Amino acid sequence: MNLRSADDMTRVLIVEDNPVDAEMVERALQEEQSWTTETTVADDGEKAIELLLEHRGGRQQRPDLVILDLNLPKRDGAEVLQVIRTTDELRSLPVVVLSSSPMHVMKSKVHKANVEANCYLTKPADLDEFLALGKRLRYCYEKALGSKS
Amino acid sequence: MLAGLVKGTWRINDFSRRLPGWLRSYLFAFSLLILGTALAALLMKAFGTKATLVVSLIGDIVFLACAWLGYGEGVLAVILITFVIPRLLVPGTRLHPDFGRFGLLLVLSLLVSSISAYKRKAERALKLASDQLESRVQSRTLELQYNEQRLSEKARLLDLAPVGVLSTDGNDVIRYWSQGAAQMYGWTSQEAVGQTSRQLLRFSVLIEEVLTALAATGVWETELKHSRKDGSEITVASRWASQTQANGEISGFLQVNADITDRKRATEQIRASELRFRQLADSMPQIVWTAGENGSIEYLNRQWHEFSKSSSAGDLTKDFRPLVHPDDRQKYIDGWQSAVAANESYEAEVRLADGRMGGYRWFLCRGLFAGDSSSSLRWFGTFTDINQQKITERNLHRANDELRQFAYAAAHDMQEPLRNIVLRLGMFRREQGNQFDAAAMERIHESIIDAQRMHTMVRDLLSFSNALDSPENVESFTNATDSLREALANLGTAIRENNAELRFDLLPSLRMQRVHLTQLFQNLIGNALKYRKQDVTPIIEISAESAGDEWVFSVVDNGIGFDPAYTERIFGVFKRLHHNHQYPGTGIGLAICARIVAHYGGRIWAEGEPGKGATFRFALPSQSSSTNMWPANQITPAVP
């Protein structure tokens, strides 16, 4: 896990325990060619939290976007989001929840932890649809940046 | 002048009455002396000595009159007047001319005086006796009049009283028969008098018993069956008193008979009805109780005594509270007290200590407020043993929870490998596809389609099991028009692609979760869009109408319709009437609709014919709807 830093590069943390899904997200991001991303995968909630807290101070290593699954081993996605939203340096980090659960189930899980994600997306069971997610992820990210500034 | 004289005389008379008798006599005698002297002087002056005889004669008469009138004390004075004074006044007359006459006159006057005195005394005695007699006669007359009045009043009272009064002689022969008796039995006084009461009324008594009771208390009381003139029998409360002669011998009886047939029958009916109630209550498997005013327990059936093991006389007969489980007690007491205060029915589930087996059992306690003001009964209640039910319910609830969790987890966990298969195969086709021939690629393609279909089914199954999992929040109303608009927005793409025309009225508000109502509309309209006729513009109409205590919603389309034989089947999970290649889908949408409607106590059904469109209707209880949401019927073409 080495995080390169470049001003025009978006560092993306993919929190996903299913390697196929993780790979798909990476591919989807690559499909969006005008958007330069660098990805890191954390395959459980605990690793994601460690990583985030470790790099919270460093501007160069801190992720710019988190793509978060909800059903994760050790600590689930809602807990990860809770840590992000309650840590000063991470509070405004754009987070997209990407889950296979129905939309209302996803939202209710997150809301139960009293936090909010920037976007909620459902994992498609179709390769083309999945690869098309890159566009929507970028849209979510840019919208989050826009609302931040 | 004369009137003045009479008046003056009366005044003197009045005055003289106040003086003592003896003084009066003297005054009278002296008055006569002066008058006599004056008269004698006048006579002598006129007639000389020739008048002496007349004067003496007048003197004698006055003297005797005085003696007669009882003025004995004046006698001496008059003697002086008649015998002494004329001689004093006439010179030369001797002082004692005629002692013989004087003595005679004296004896005569004494005789007259005593006769007169005796006569007056006798008269006085006679007068007194006569007065006394008269007063006695008067008071006796008054007494008799009074008694006569009382008697006639009593006789009238006897006739007025709603009882039969009769008197008999020593041989039971009727001598008096009251009007009340005539009314009660049907025989007139003329018919009854002279007959024996026992034969007439056809009853028998043990005369010894009667006599014993009469000797002890003066009254004999009993209940008897009497016959009436029309042959019918009545029950009477009979009171007898004896009539005795001066020598103490019984000369007859007085009977007072009150007709208590109706009262007796009513009492017996009440007793029978109460007996029936008790038999019924005892035959019921429930504990039965009744409570009166203030909620005090008045009756408990046998089951209670068996359950609580309390004796009928124990404290528990009046109070359930000690038997209620401590955790339920306060709630039970508060609930019951407020029901009593408000005169309302009461219902609660409580645990009661089981006196037979130990431990506690669940009971459904119901108290129906009877509100019967004619009796003391206020609540009629039961305790129904729901212990087994409660245990089953709890187990079922737990099993349901587990099943739901299992279904969710299974479905969720199945989704992931399926998606992996789809995605991996997709990747494979994309990256290595050129290494295989067309037939192999076709197989890969079909595998992807199958895995995708299975993924969809699993996802739908998940949403079916989740359909009612959202937290309960039915306090607020959901406007069905808003729900419908939301559903139409969700279906926006499909509506636009099919170029469908949607028509709907303004719909009522219902007490249900918005997400559920939206899902209902979404699934039904989605269904209508899916089964459209290819060459016809799809028209879907949504409306609602009030029918009794429910709202009936209709979703009417002009699509391909369906065979009525499948009306029931289409609401089953994964039930489809068409093949996959014709219409994609898993057949879970209508099953979810049925589940939601059932959850709110409603019904869902469908009507249709092949080629003639389909109508889906669902009814939801309107007690869960607000009443103010029904504006004028209007059709609004709506495309979100």
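How many C-beta neighbours inside 10 Å does Asp172(B) have, and does it count as buried, partly exposed or exposed? Asp172(B) has 17 such neighbours and counts as partly exposed. The cut-offs are these: a residue is buried with 20 or more other C-beta atoms within 10 Å of its own, exposed with 12 or fewer, and partly exposed in between, with C-beta atoms placed from the backbone.

This is a predicted model, in which local features need pLDDT of at least 70, side-chain atom pairs count only at pLDDT 80 or more, and totals for chains, interfaces and linings use all residues. Residues are numbered from 1 along each chain as its sequence is written, while chains are lettered from A and ligands numbered from 1 in the order in which they are written.

**Chain A in outline**

Chain A has 6 helices and 5 strands. Both are DSSP runs numbered from the N terminus: helices are H or I with at least four residues, strands are E with at least two. Along the sequence, the pattern of chain A reads β-α-β-α-β-α-β-α-β-α-α. Chain A has 149 residues, and 36% of them count as buried. Take the contacts in chain A between residues at least 6 apart in sequence: 71% of them join residues at least 24 apart. A contact here means that the C-beta atoms of two residues, placed from the backbone, lie within 7 Å.

**Where the chains touch**

The contact between the chains takes 12 residues from chain A and 16 residues from chain B. On the side of chain A, the elements that give two or more residues are α1 (19-31), α4 (103-112) and α5 (127-131). That side has 7 nonpolar, 3 polar and 2 charged residues. In this scheme Ala, Val, Leu, Ile, Met, Phe, Trp, Tyr, Cys and Pro are nonpolar, Asp, Glu, Lys and Arg are charged, and the others, Gly among them, are polar.

**Nonpolar cores**

The largest nonpolar core has 92 residues. Such a core is a set of buried Ala, Val, Leu, Ile, Met, Phe, Trp, Tyr and Cys residues joined through C-beta atoms within 7 Å. Val15(A), Ile67(A) and Leu68(A) have the most contacts inside the largest core. Helix α18 (residues 589-599) of chain B gives the most to this core, with 7 residues. Neighbours within four places in sequence aside, Ile67(A) is in contact with Val12(A), Ile14(A), Val15(A), Val25(A), Val96(A), Leu98(A) and Leu137(A). Another core lies apart from the largest one. It has 21 residues, including Ile287(B), Trp289(B), Val350(B) and Phe363(B).

**Two helix pairs**

Two packed helices are described by the angle between their axes and the distance between the axes. Axes are lines fitted to C-alpha atoms, for helices over the stretch in contact, and angles run from 0 to 180 degrees between N-to-C directions.

| Helix pair | Angle | Axis distance |
|---|---|---|
| α2 (45-54) and α3 (77-86), chain A | about 15° | 9 Å |
| α15 (480-490) and α17 (514-530), chain B | roughly 50° | within 8 Å |

The angle makes α2(A) roughly parallel to α3(A). By contrast, α15(B) and α17(B) are oblique to each other. Angles under 35 degrees count as roughly parallel, over 145 as roughly antiparallel, 65 to 115 as roughly perpendicular and the rest as oblique.

In the chain A pair, Gly45(A), Ala48(A), Ile49(A) and Leu52(A) of α2(A) meet Gly77(A), Glu79(A), Val80(A), Val83(A) and Ile84(A) of α3(A). These contact residues divide into 6 nonpolar, 2 polar and 1 charged.

In the chain B pair, the α15(B) side includes Ala480(B), Ser483(B) and Leu484(B), and the α17(B) side includes Arg514(B), Leu517(B) and Phe521(B). By class, this contact has 6 nonpolar, 4 polar and 2 charged residues.

**Loops and local backbone**

Asp172(B) lies in the loop between β1 (163-169) and β2 (174-177) of chain B. Its phi is positive, about 70°, although Asp172(B) is not a glycine. Asn114(A), also not a glycine, has a positive phi near 65°. Asn114(A) sits in the loop between α4 and β5 (119-122) of chain A. Asn114(A) is exposed, with 11 other C-beta atoms within 10 Å.

Helix α9 (residues 207-217) of chain B has 11 residues, and the number buried is 0, so the helix lies largely in the open. Just after α9(B), Gly218(B) takes a positive phi of about 90°.

Met512(B) is in the loop between β13 (509-510) and α17 of chain B. Met512(B) counts as buried, with 25 C-beta neighbours inside 10 Å. From C-alpha to C-alpha, Met512(B) and Ile596(B) are 10.0 Å apart in space, and they are 84 residues apart in sequence.
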